[in-house]
Structures are given as structure tokens and as C-alpha cells.
Amino acid sequence: MALVGLAVGGLAAIVGFWLQLGAYRERSGALLLQQQAAERVDGLAPMLAVFNENALHRVQAGPFATREEAQRIGERVREQMLLTPVVVERSMWWRATPAGEWTEAHNNRAVTTTAARWLVADGESGGAGDA
């Protein structure tokens, strides 16, 4: 798999699984959470980054090779910080302009509950008029 990403704070936002610990409008809140996570969760500091995307500052740790590995570390975060991180998958990156940096991506949230009915944005299940 090609690893293409945007360098942010010395860590690349590489395709793969990440733990999102929080998202803040103000960068100062994100930086505070990043500092707290680095101090409270052993070994997490070098994996932490703050990504500025869509007017939010997202505190994420990663990348992880598998969803299971991210979930395992997420359980440690939950126990040691008393917060529940969400596993996100950075599955695709693209440039905002043809000559620009790789600044935009899909972040797919993992689900935390089951459901009998799901909605898919921009999905089509069977031909014209049957989306």
C-alpha cells in the first residue's frame, strides 16, 4: 500500500487506522489534550498529532496497521484518561488544488453501536432511481 500523507507537526497523516481522541474549534484545547495524552498513556506521545481539518483541530494517534491494534490502544486510552477515542480510517487523500499539498482526506468513523438500518452518503445500490 502506498503511504501518502500530509506532514503535520512532524508526523505524517498517513493512510491507515488512527485513534481520534478529540476535536476542537480552538487549537489550544487540542494541544492541551495532546499534552495530557502524552503524559498519561505510556508510549503514545510519539504517535500523537493535531490535524487542522475543516476548521477543527483533531487530536489523533497513529497510524496503526489494523483496526484491532487501534482498538487495543484505544482501550488503554479509555482506561488511563477516562475518555473513549474513536477509530478513524484515513482511506484516501487528495490535493485541494492541482499543485497544492495533500490537505484533504476521508475520515471514516468506526461505529460504537449496532443498528438495523444504515444510510450511505453518495451511494447507489442499483441503477438510476434506485439509490
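Student: What makes E89 count as partly exposed, rather than buried or exposed?

Tutor: In this predicted model, E89 has a relative accessible area of 25%. Buried means under 20% and exposed means over 50%, so E89, at 25%, is partly exposed.

Student: Why is the pair of E89 and R67 called a salt bridge?

Tutor: The closest N and O atoms of E89 and R67 are 3.9 Å apart. The cut-off is 4 Å between a side-chain nitrogen of Lys or Arg and a carboxyl oxygen of Asp or Glu, so the pair qualifies.

Student: How many salt bridges does the structure hold?

Tutor: There are 2. E75 and R78 form a salt bridge in which the closest N and O atoms are 2.6 Å apart. That value is within the 4 Å limit, so the name applies.

Student: How do you know that E75 and R78 are separated by about one helical turn?

Tutor: Both are in helix α2, and they are 3 residues apart, which means about one helical turn. E75 has a relative accessible area of 34% and R78 has 37%. Each value falls between 20% and 50%, so E75 and R78 are both partly exposed.

Student: What makes L82 exposed?

Tutor: The relative accessible area of L82 is 76%. The cut-off for exposed is over 50%, so L82 is exposed. L82 is found in the loop between α2 and β6.

Student: What kind of peptide bond joins G62 and P63, and how do you know?

Tutor: Omega is about 0 degrees, and the bond is cis. Most peptide bonds are trans. P63 is in strand β5.

Student: Which residues have the most contacts inside the largest nonpolar core?

Tutor: They are L19, L21, L44, V77 and M81, in a core of 19 residues. Elements that each supply at least two residues of this core include β3, α1 and α2. Helix α2 gives the most, with 4 residues.

Student: Which residues is M81 in contact with, leaving aside its neighbours within four places in sequence?

Tutor: M81 is in contact with L21, L33, Q36, A37, R40 and V41.

Note on methods:
Residues are numbered from 1 along each chain as its sequence is written. This is a predicted model: local features need pLDDT of at least 70, side-chain atom pairs count only at pLDDT 80 or more; totals for chains, interfaces and linings use all residues. Side-chain values use heavy atoms; hydrogens and water are left out. A nonpolar core is a set of buried Ala, Val, Leu, Ile, Met, Phe, Trp, Tyr and Cys residues joined through side-chain atoms within 4.5 Å. Buried means under 20% relative accessible area, exposed over 50%, partly exposed in between (1.4 Å probe, protein chains only). Contact means heavy atoms within 4.5 Å.
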